[in-house]
Amino acid sequence: MDFATLAPFLVGVVISGLVLGFVYAIIALGYTMVYGVLQLINFAHSEVFVTGAVVGFEIFRVLNGVEMNGYLKLLIALIAAMVASGLLNILIERLAYRPLRNAPRLVPLITAIGVSLILQDVIRIIEGFQGRFDLTYQLPTGFSTPFCGPESSCAGVGKFLGGIGISLQVKEVIVVLVALVSLAALNYLVNFTKLGRAIRAVAQDRVTAGLMGIDANGIISLTFLIGGALGGISGVLFGLKFGTVNAYSGFDPGIIAFTAAVLGGIGSIPGAVLGGLVLGVIQNLIGVTNILGGALNIANLGVIDSSYQRIGAFLVLVLILIFKPTGLLGRSNVEKV
Amino acid sequence: MTAIRPGSQPPVTAPDRSIALIVLAVISSALLLISQESSWLSRLPSALANFLKNPLVASLVLTFFLANLLFAYRWNASLWAKLLVGGLSLFLILPWAGRDNTSVLDLAIQIGIFAALSLGLNIVVGLAGLLDLGYIAFFAVGAYTWGIFGSGQIGKVLTYFKDNSANNGPVVAVGGLVLLIITALSLRAINRVGGKRTPVANWAFLLAALGLVIGVTLLVRGLVMLAAANAAGLTSGVNPNFFWLFLILAIAAAASVGVLIGLPVLKLKGDYLAIITLGLGEVIRVLANNLGTYTNGSQGITPIGSASVPWFNSLAGAIGFSPDQYNLFFLYFVVLIIIAVIVLANMRLDRSKIGRAWIAIREDEIAAQAMGVPLVQTKLIAFATGASFAGIMGVIFAAKQGFISPESFILNQSISVLSMVVLGGLGSIPGVILGAAVVTILNISLLPSLGEATASLNLPPQVNPAQLQRLVFGGILVAMMLFRPEGLLPSVRQRRMMHEDDDPSGNMTPQDSIAGELNPENAAEVYSPGVATRADNERGGGTQ
């Protein structure tokens with residue numbers, strides 16, 4: 001395959017990888033924020049995220065026949081998913097993590113795995129009573145049409161992309177826009193408000209923050225709320241991007257997003273975003289070229305072997321942890337005795 | 001803080017329950033035999049027979065019977081009663097009940113397999129404190145070791161190489177061996193330099209490790225090419241008598257994989273280690289799925305042979321087993337022997353120098369290191385020991401099922417083994433066996449029979465109780481961690497540790513308030529072994 005056809009193809013792979021990366025980034029933020037305040041891998045975050053996806057599915061399903069602007073439906077779905085996932089995350093923290101605040105570190109980690117399993121079955125059963133397992137999003141009309149395909153005539157970025165043969169769907173553009181807006185909002189909240197300062201203080205030192213008059217438990221709950229709300233958003237975005245979710249589909253994106261958080265430096269918000277984007281692109285490249293499947297399979301471009309994609313994410317994780325455990329943007333910590 | 005006082009337990013004053021134990025054992029054995037023997041069942045009034053035939057009731061009867069073994073272990077009874085009940089139950093009643101209904105023997109073997117797995121994971125998680133979420137990968141290694149050689153798969157592999165490779169087997173094998181030796185030596189050299197790892201040393205380490213893996217691959221490939229000429233003789237696997245050899249080989253294979261996986265990741269701590277082992281466990285499963293030439297991919301390998309021991313088979317035949325059950329009957333006793341050996345090994349390890357080193361690492365790595373415990377080496381031994389138990393049981397599993405596929409080695413299996421260990425009590429040998437039995441019975445017997453019992457309710461297939469494993473495992477993990485972190489049958493050491501801070505008068509400081517944080521017993525800066533948080537020390541990556 002010559003360069004003239006390969007180059008735009010690879011650009012296309014990178015761009016769709018970035019779209020995927022934005023979804024991962026938002027999920028990774030949920031992990032990184034919780035890790036920041038509690039130093040706990042919230043294994044249940046993948047189910048918090050699936051809850052958001054399921055709530056989004058239900059909203060779109062209920063509103064399917066209703067005459068309403070598609071974007072308004074999306075907004076309702078996003079808000080509902082944020083509320084549901086955020087409240088669920090607070091509930092998890094209250095019931096499963098808070099009583100174990102001072103236990104050895106293995107203990108809340110095992111609890112988190114347990115909560116994750118319980119939620120998987122609860123979601124499966126709730127949907128199962130209505131005879132559903134795989135939930136296929138019923139998107140409003142216009143969401144799946146090409147945003148700026150090779151055929152359509154449009155200006156600016158779209159024209160440029162169309163010119164080199166890259167087609168994005170409207171929903172993929174929505175994914176990126178929603179992700180950007182949530183990132184901006186989170187950035188404002190954490191860096192420019194009083195609450196954000198409190199979150200940062202608790203993340204740095206819970207005990208001293210308490211001495212300074214900060215309600216540490218309240219802030220931890222708030223962090224779980226924000227992390228959960230981000231999980232809800234990412235769930236809906238995941239549903240938009242892939243079209244289908246089920247109770248068990250949180251595992252893969254969850255593990256990849258966690259890798260993204262570690263890659264960027266766990267606890268670091270810009271790091272999580274960077275990690276998500278990098279992993280999204282890497283994953284798409286691995287899937288498309290099938291490097292890990294044996295020979296570099298450029299000839300069969302487009303045949304994605306998803307199981308090797310997963311291995312790719314794990315290998316990236318192993319390499320980072322061996323060589324740069326603090327991640328790309330993380331602070332290095334000297335271990336105190 | 002109250003100091004740990006050895007021997008400060010109050011004297012046991014439970015009454016002698018020998019008689020009760022034997023009576024219970026007789027009742028439950030009778031119930032089990034009646035419910036499993038169709039000829040006896042048919043003589044009962046039909047209402048009673050139907051009641052006993054109900055899958056839920058049958059499963060509860062079996063559970064009740066197995067609970068006897070627990071009573072025999074726990075109750076204060078005279079030794080002869082305990083030995084009588086235990087011995088007769090394991091060696092007479094259970095095989096007898098299994099004669100008519102093989103699912104009983106199947107369940108017993110499965111309990112044995114998972115008990116061995118939990119004992120192995122117990123060393124890694126319970127003693128050494130390394131949370132391994134990919135433990136089932138070692139089980140897979142053992143299962144595939146025998147699965148490939150004990151079935152026609154080895155013939156297929158050799159035929160493939162006979163047809164598809166040039167005649168350079170010796171060259172590849174020798175090249176692989178040379179590379180293996182060179183890289184192994186350089187790994188040793190790099191490790192001996194020790195001290196603080198520089199980036200250069202890290203890269204050199206990675207390169208050497210990569211070379212090691214390639215060397216092993218080449219060596220194996222070369223040997224396979226050399227052996228390709230024998231493809232025709234192996235179309236139905238190696239001679240079944242090699243089963244015994246493969247029990248040993250599987251131990252070696254699983255332990256080597258344990259070391260290979262352990263080398264790069266063991267310098268990580270706690271949660272990082274958990275997620276990496278989870279990832280590597282998945283990698284092994286995906287490899288099993290995708291290396292179709294060797295593992296037959298997702299279709300799995302079948303039929304897998306088992307050892308044939310003529311005198312044992314004639315014994316089984318003499319006491320009324322049908323020929324297709326010889327294998328189960330035989331494996332049941334093999335499992336019993338292996339479990340006995342593993343338990344013995346565990347008890348010795350627990351009290352040995354290495355066992356104490358593991359516990360020291362679990363409690364405080366830095367302090368352990370300062371006391372002269374070699375961290376990486378000790379952790380690797382824990383990984384390899386745990387892995388070897390899984391490896392040997394993998395062979396048994398392959399031989400019992402006669403079929404293995406990557407589906408048997410999913411993440412959920414790792415987590416179910418973890419929940420067995422947690423349920424029984426981290427670090428406690430009898431506890432872990434009990435945990436394995438409870439979870440396996442739930443999983444294989446009680447939940448499916450609950451599913452059959454509720455079949456009349458016409459629930460949608462998505463909410464069949466037989467599929468509630470995740471809910472059950474998750475519930476076990478959460479509930480145990482919240483309410484009884486030391487497990488059902490805690491080891492003495494663990495029980496003292498978990499309740500070290502309990503005020504005898506019962507007025508504990510509320511732990512979830514800031515006031516609790518300031519209590520010096522609980523604050524992060526104070527180290528009380530096993531109880532203090534180590535939040536500040538373990539943040540941000542955690543290389544040593």
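**Close-up views of a predicted two-chain model**

**Figure 1. Thr183 of chain B and its surroundings in the predicted model.** B:Thr183 sits in helix 9 of chain B, which covers residues 169-193. This is a predicted model. B:Thr183 is classed as buried because 20 C-beta neighbours lie inside 10 Å, and 20 is the count at which a residue is called buried. Beyond its neighbours within four places in sequence, B:Thr183 has contacts with B:Ala208, B:Gly211, B:Leu212 and B:Gly215. B:Leu210 lies 27 residues from B:Thr183 along the chain, and the C-alpha atoms of the two are separated by 8.6 Å.

**Figure 2. Asn296 of chain B in a loop.** B:Asn296 belongs to the loop that links helix 13 (292-295) and helix 14 (310-318) of chain B. The phi angle of B:Asn296 is near 60°, which is a positive value in a residue other than glycine. B:Asn296 is buried, since 22 other C-beta atoms are found within 10 Å. With neighbours within four places in sequence left aside, the contacts of B:Asn296 are with B:Gln153 and B:Ile301. B:Thr102 and B:Asn296 are 194 residues apart in sequence, and their C-alpha atoms are 29 Å apart in space.

**Figure 3. The cis peptide bond at Pro303 of chain B.** The peptide bond that joins B:Thr302 and B:Pro303 is cis, with omega about -10°. B:Pro303 is located in the loop between helix 13 and helix 14 of chain B. B:Asn296 has its place in the loop between helix 13 and helix 14 as well.

**Figure 4. Packing of helix 16 and helix 18 in chain B.** Helix 16 (residues 353-363) of chain B packs on helix 18 (residues 375-401) of chain B, with the axes 10 Å apart and at an angle of about 110°. Helix 16 of chain B is therefore roughly perpendicular to helix 18 of chain B. From helix 16, the residues that take part are B:Ile354, B:Ala357, B:Trp358 and B:Ile361, and they meet B:Leu375, B:Thr378, B:Lys379, B:Ile381 and B:Ala382 of helix 18. Sorted by class, this contact of helix 16 with helix 18 of chain B holds 7 nonpolar residues, 1 polar and 1 charged.

**Figure 5. Crossing of helix 2 and helix 9 in chain A.** In chain A, the axes of helix 2 (residues 45-62) and helix 9 (residues 216-242) come within 7 Å of each other and cross at roughly 55°. This angle is why helix 2 of chain A is called oblique to helix 9 of chain A. The crossing of helix 2 of chain A past helix 9 of chain A is right-handed. On the helix 2 side of chain A, the residues of the contact include A:His45, A:Val48, A:Phe49, A:Gly52 and A:Phe57. On the helix 9 side of chain A, they include A:Gly228, A:Gly231, A:Ile233, A:Ser234 and A:Phe238. The contact of helix 2 with helix 9 of chain A has 9 nonpolar and 10 polar residues, and no charged ones.

Figure 6. A:Gln39 lies in the loop between helix 1 (3-38) and helix 2 of chain A. Phi of A:Gln39 is near 55°, a positive value for a residue other than glycine. A:Gln39 counts as buried because 23 other C-beta atoms lie within 10 Å.

Figure 7. Chain A contains 12 helices and 2 strands. The order of elements from the N terminus is α-α-α-α-β-α-α-α-α-α-β-α-α-α. Of the 337 residues in chain A, 53% are buried. Mean pLDDT in chain A is 83, and 83% of the residues reach 70 or more.

Figure 8. Chain B has 23 helices and 0 strands. Buried residues account for 43% of the 544 residues of chain B. Among chain B contacts with a separation of 6 or more, 79% are between residues 24 or more positions apart. The average pLDDT of chain B is 80, and 86% of its residues score at least 70. Residues 503-544 of chain B stay under 50 in pLDDT, and the model has 80 contacts beyond four places in sequence for them. For the complex, the predictor gives an ipTM of 0.84 and a pTM of 0.82.

Methods. Residues numbered from 1 in each chain as written. Chains lettered and ligands numbered in written order. Predicted model: local features only at pLDDT ≥ 70, side-chain atom pairs only at ≥ 80, totals over all residues. pLDDT = per-residue confidence, 0-100. Helix = DSSP H or I, 4+ residues; strand = E, 2+ residues; numbered from the N terminus. Buried ≥ 20, exposed ≤ 12 C-beta atoms within 10 Å, placed from the backbone. Axes fitted to C-alpha atoms, helices over the stretch in contact; angles between N-to-C directions. Parallel < 35°, antiparallel > 145°, perpendicular 65-115°, else oblique. Left-handed = near helix turned anticlockwise from the far one by under 90°. Contact = placed C-beta atoms within 7 Å. Nonpolar A, V, L, I, M, F, W, Y, C, P; charged D, E, K, R; others polar.
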